[in-house]
Amino acid sequence: MIIARTTVELRAALDSKTGSIGFVPTMGALHVGHRTLIEKARRENDVVVVSIFVNPTQFLAGEDLSKYPRKEEADFKICELCGVDVLFYPEINTMYGKDEVGIKCPDIRGYILEGASRPGHFDGVLTVVMKLLNLVRASRVYFGKKDAQQLSLITQMVENYFMNVEIIAVDTVRESDGLALSSRNVYLSQEERIDALKLSASLKKATHLVMQGVIETKAISNAMMGILQPLKVEYVAIVNRRFEAIPEVIIGDTIVLIAARVGSTRLIDNVWM
Ligand code: AMP
């Protein structure tokens, strides 16, 4: 595995390879969710590139940038074991200069749900993804459905800017008890981890209700709120794939999303129907 720390090293590494490139952008602290993306990229491409970069522009003032988990050694090992060809591991000043041209998320879809709780977050996400995609020039790029709004906005950016890459959406990987894997789970105490199961439990409830024929979104979100108590719920939302609120679930075009705080840790989860 080649570890490229600069854009010049990355270009040299990529120029030494031939064939399709599968790319998995991450912020590190890799877990089985990330591994699933990498393994899929491995199966579907000749060359696999992973980036590990804790992107400062997607963290708002007061958010957990400095204490975001970093596990360089373990991450390198995981990438190597998963058959990654090139690991891009840049410094902040490799990725950003001063007074740059900005990428801006859409005014509506970028400022609802996650964007309402974290205004400006998606500007940072789209900026770094644009930069990384321009550097790697991948055939396919892999993103988790766990970050559904992020996935949707990146898909829109690729369409709006006529970018030449195929986006592959990967199902959320969960612990056996239902907790969605997240780098932020390490912040949870044992007790909080049990509370955190309320997120996946409420999504399961939503699925069961829909299977029983309950499709009115208000009824479903009320039932979910009951399960999520006493967590500090930031939102429960039921939207279509374009992230528009809908009165009734439409199978094949619905996402149910939650953001909630468990102690001081902010968790998100969702289910696609
Ligand atoms: P992150 O390192 O949190 O930026 O995540 C990197 C990629 O992994 C993103 O596309 C995430 O959506 C994806 N990801 C994170 N957690 C999971 C999970 N539990 N299952 C599947 N994909 C995930």
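The following dialogue considers how to read selected features of one predicted chain.

Biologist: Which conventions apply to this model?

Modeller: The model is predicted, so local features need pLDDT of at least 70 and side-chain atom pairs count only at pLDDT 80 or more, whereas totals for chains, interfaces and linings use all residues. Residues are numbered from 1 along each chain as its sequence is written, and side-chain values use heavy atoms, with hydrogens and water left out.

Biologist: How many helices and strands does the chain have?

Modeller: Helices (H or I, at least four residues) and strands (E, at least two) are DSSP runs, numbered from the N terminus. The chain has nine helices and nine strands. Its radius of gyration is 19 Å, close to the 19 Å that the globule rule gives for 273 residues, so the chain is as compact as a globular protein of that length. The radius is taken over C-alpha atoms, and the rule is 2.2 Å times the number of residues to the power 0.38.

Biologist: What share of the contacts in the chain with a separation of 6 or more comes from residues 24 or more positions apart?

Modeller: Contact means heavy atoms within 4.5 Å. Residues 24 or more positions apart account for 71% of the contacts in that set.

Biologist: What span does helix α6 reach?

Modeller: The expected span of a helix is 1.5 Å times one less than its number of residues. Helix α6 (residues 121-136) has 16 residues and reaches 23 Å from its first C-alpha to its last, close to the expected 22 Å. Just after α6, R137 takes a positive phi of about 50 degrees.

Biologist: Why is α6 described as largely enclosed?

Modeller: Buried means under 20% relative accessible area, exposed over 50%, and partly exposed in between (1.4 Å probe, protein chains only). In α6, 13 of the 16 residues are buried, so the helix is largely enclosed by the rest of the structure. Across the chain, buried residues make up 50% of the 273 residues.

Biologist: Is T26 buried or exposed?

Modeller: T26, in strand β2 (residues 21-26), counts as buried at 7% relative accessibility. Not counting residues up to four places away in sequence, T26 touches H34, V50, S51, I52 and F53.

Biologist: Where does D147 lie?

Modeller: D147 lies in the loop between β5 (140-144) and α7 (148-160), and counts as partly exposed at 28% relative accessibility. With residues up to four places away in sequence not counted, D147 touches I268 and N270. The C-alpha atoms of D147 and S66, 81 residues apart along the chain, are separated by 21 Å.
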